[in-house]
Amino acid sequence: MATPNLINPHLAGGMIETPKFRRPRSLRLKDGRVIRFPAVMGILNVTPDSFSDGGRYLEPERAIEHALAMEAAGAAIIDIGGESTRPAGAAAVAVEVEMERVLPVIEALRGKLTVPLSVDTRRAVVAGAALDEGAAIINDISGLRHDPAMMALAAETGCAVVLMHMRGGPTDHAGHARYRDVVAEVSAFLARQATVAVAAGVVRSRIIVDPGLGFAKNAQHNLELMGGLSRICALGYPVLVGASRKRFVRAIAGDSESEQLVGTAAANALAVGAGASIVRVHDVGPAVAVVKMALAIAKSGGG
Ligand code: HH2
């Protein structure tokens, strides 16, 4: 008979059900390539104004070089974006500008890069052109809601999608950071949006969900989402976590380069420990080591 554990009721042998989930092992893309989890996604911002690396990879040659370096360092996905979404009121770029930034780089990487490319965009024309050039994943910070054509594009092409939670748009999301229970509200949104996507024809096994750290969330919300990540993982979709160098990490761990790196590493280790499948990072090499270590602990059978 189960003996109630009076110190921690959650350990009361079988009396209280805690959510059970297993991290998905992998995701198979339409072209047959497989992403094994947990995986590191390397950030390639082809922008002049991204919050931490704006301007560094605006030249196509430098962007291409950086993508290949991130692959060599162990990135399993390269996420290319041509529009900054930083919270300090990022300026929306014209669709032509976004295309001019990302398409030549995607085209140049075809045949050179073996890992899949995701395109970080809210616009269906950009995503469609990127998929035509060889991208395999749409990473849409609006969760396929900003552009009415995005859902149909994802369904028709059979690509993988990242559905991220946010409220408002890139310029005004900070004003929407109000929740009663941020973990419950974000989980409910992600579950609902994934269901909507499946109903629209998006391949269920190619949906990745993302709590959207820093998007319509203050530091406390981000911390609560990190602390409650296993509840989001329990939805059953691979979970992507983008904590890299974000403001809440810098506010807590410190603003120097090494403090940002270590703060990001701590967040990523805990994310993988909680069941996350993908960490989105600027510094791929350190993140690969962190993921290996966190996975080894998670698989140890201890505890
Ligand atoms: N964060 C940023 C951009 N895209 N996509 C997903 N799925 N999740 C995230 O957390 C996420 C994202 C913001 O970071 P960054 O790309 O470094 O900056 P910027 O938007 O200024 O280019």
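Where is the place of P38 in the chain? P38 sits in the loop between β2 (34–36) and β3 (39–45); helices (H or I, at least four residues) and strands (E, at least two) are DSSP runs, numbered from the N terminus. A cis peptide bond, with omega of about -5°, joins F37 and P38.

Some ground rules. This is a predicted model, in which local features need pLDDT of at least 70 and side-chain atom pairs count only at pLDDT 80 or more, while totals for chains, interfaces and linings use all residues. Residues are numbered from 1 along each chain as its sequence is written, and side-chain values use heavy atoms, with hydrogens and water left out.

On confidence: pLDDT is the predictor's confidence in each residue, from 0 to 100. The chain has a mean pLDDT of 91, and 91% of its residues reach 70 or more. Over residues 1–19, pLDDT stays under 50, and the model has twelve contacts (heavy atoms within 4.5 Å) for them beyond four places in sequence. Where pLDDT is low, the predicted coordinates should not be read in detail.

Next, the overall fold. The chain contains ten helices and ten strands. Its radius of gyration, taken over C-alpha atoms, is 19 Å, close to the 19 Å that the globule rule (2.2 Å times the number of residues to the power 0.38) gives for 303 residues, so the chain is as compact as a globular protein of that length. Along the principal axes, the C-alpha atoms fill a box of roughly 65 × 45 × 40 Å.

Two local points. L144 is not a glycine, yet has a positive phi of about 65°; L144 is in the loop between β6 (137–140) and α4 (148–157). V125, in helix α3 (residues 124–132), touches V95 and M99, not counting residues up to four places away in sequence. V125 and V95 are 30 residues apart along the chain, with 8.1 Å between their C-alpha atoms.

Last, the ligand. A residue is near it if one of its heavy atoms lies within 4 Å. There are 18 residues around the ligand, of which S50, S84, T85, D210 and K246 come nearest. For polar contacts, the cut-off is a pair of N or O atoms within 3.5 Å. A polar side-chain atom of D120 is 2.8 Å from a nitrogen atom of the ligand. The protein covers 99% of the 470 Å² of accessible area (Shrake-Rupley method, 1.4 Å probe) that the ligand has on its own.

Note on methods
A polar contact is a pair of N or O atoms within 3.5 Å; within protein, one must be able to donate a hydrogen and the other to accept it, and residues adjacent in sequence count only if both atoms are side-chain atoms.
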